Amino acid sequence: MNDERAYLKGRGAQVNVPNRFLLERTEMTDDFLNYCEAEGEAPDSNRTQFLEVFPKSIVNKVDSPDLRLEYSMNPYQGCEHGCIYCFARNSHEYWGYSAGLDFERKIMVKKNAAVLLEEKLLSRNWEAAQIVMSGNTDCYQPAERQFGITRECLKVFLKYKHPVSIITKNALIVRDIDILSELAQDNLVAVSISITSLSERTRLLLEPRTATIAKRYDTVRKLSEAGIPVNVMLAPIIPGINSHEVLPMAKAAADAGARSIGYTVVRLNGAIGEIFSDWIRRAMPDRAEKVLNQIKACHGGTLNDSRFGERMRGDGEFSEMIKNQVALARRKFFANRDFPPLNRSLFAQYRSGQFDLFS
């Protein structure tokens with residue numbers, strides 16, 4: 001099936017799909033966007049909006065049984081990176097928006113995140129635990145350059161010597177090497193850099209507003225040279241798009257200094273199935289159906305896989321091939337490399353103020 005509708009450059013999603021929580025659907029048509037594109041103009045409706053919100057808490061307990069996370073925090077809701085496959089798109093519906101274009105263009109900014117974080121760390125019953133920044137949306141997305149909320153949160157973690165993990169695909173993290181290096185001296189930080197392809201053409205289609213592949217590998221190198229432990233997430237692996245790149249991506253990660261690799265197989269839950277299907281029929285019409293069928297083959301014949309223990313890795317022939325490639329890459333490129341656990345022993349002392357004289 002060929003889809004000749006205009007492709008909205010600079011965005012991942014090409015449509016706003018209906019919000020499952022709203023009874024009435026407000027549908028955005030493509031007519032205005034297509035007209036402006038034909039006239040060489042950028043439509044106002046395609047501009048990113050930053051909306052300040054005031055949550056009462058910022059640290060969230062992660063209860064999912066197949067995620068190795070204890071707590072997460074997200075300074076931003078929505079993400080301008082526009083990754084077409086992003087599982088976090090579905091969470092935008094809880095705010096009354098669409099998981100499609102709204103997710104990329106309506107970014108909620110939690111300016112009080114650092115204050116809320118400090119309040120949490122100082123609460124009576126809190127004990128040091130793994131807090132992951134970007135458990136949902138990227139804490140170093142483009143908005144961070146303007147608002148600097150992530151940097152302020154890192155200062156709080158450093159102040160109380162509390163461990164923190166970071167997941168990002170943005171080279172902006174290099175800006176904060178000064179704080180990250182101090183955290184790393186006490187083994188208080190771990191970073192995962194997400195890399196999806198070695199092809200810039202593929203990246204631009206899958207992740208239109210992310211850092212280039214070269215910058216991401218350079219980021220791995222700079223962080224590693226600064227003594228900050230880095231894991232590279234080959235994620236997601238999409239059959240028929242980047243599944244042939246597992247070994248070369250892993251080798252490049254090892255060459256850049258990464259200590260380990262992880263991976264996930266793409267899954268298209270909730271609204272993402274419709275968004276991704278619409279996108280691939282516009283962006284890759286010649287192989288759209290083949291890719292969609294191979295994704296289904298990884299998830300019991302459906303795009304929507306919610307099975308704990310299976311949803312991240314998939315099953316079937318394609319998933320097994322990916323699993324074997326990752327295992328081979330680990331043996332070949334990451335033998336004798338370790339990723340140390342984060343240090344939880346300092347927090348209680350620094351929270352009590354015993355080391356104020358030395359800070």
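How many of the 11 residues of helix α5 are buried? In α5, 8 of the 11 residues are buried, so the helix is largely enclosed by the rest of the structure. The buried ones are I149, T150, R151, C153, L154, V156, F157 and L158. Step just past the end of α5 to K161, which has a positive phi of about 50°.

Now show the whole chain. There are 13 helices and 10 strands, and 56% of the 359 residues count as buried. Of the contacts with a separation of 6 or more, 79% are between residues 24 or more positions apart.

Next, select helix α8, residues 213-225. Its 13 residues should span 18 Å at 1.5 Å a residue, which agrees with the 18 Å between its end C-alpha atoms. I213, R216, Y217, T219, V220 and L223 are buried here. Looking down the axis of α8, the buried residues fall within an arc of 150°, so they line one face of the helix. On the other side, A214 and E225 are exposed. Just after α8, G227 takes a positive phi of about 85°.

Last, colour by pLDDT. The chain average is 89, and 87% of the residues score at least 70. Select residues 23-44, where pLDDT stays under 50. Where pLDDT is low, the predicted coordinates should not be read in detail.

Key
Residues are numbered from 1 along each chain as its sequence is written. This is a predicted model: local features need pLDDT of at least 70, side-chain atom pairs count only at pLDDT 80 or more; totals for chains, interfaces and linings use all residues. Side-chain values use heavy atoms; hydrogens and water are left out. Buried means under 20% relative accessible area, exposed over 50%, partly exposed in between (1.4 Å probe, protein chains only). Helices (H or I, at least four residues) and strands (E, at least two) are DSSP runs, numbered from the N terminus. Contact means heavy atoms within 4.5 Å. pLDDT is the predictor's confidence in each residue, from 0 to 100. The expected span of a helix is 1.5 Å times one less than its number of residues. The arc is that of the directions from the helix axis to the C-beta atoms.
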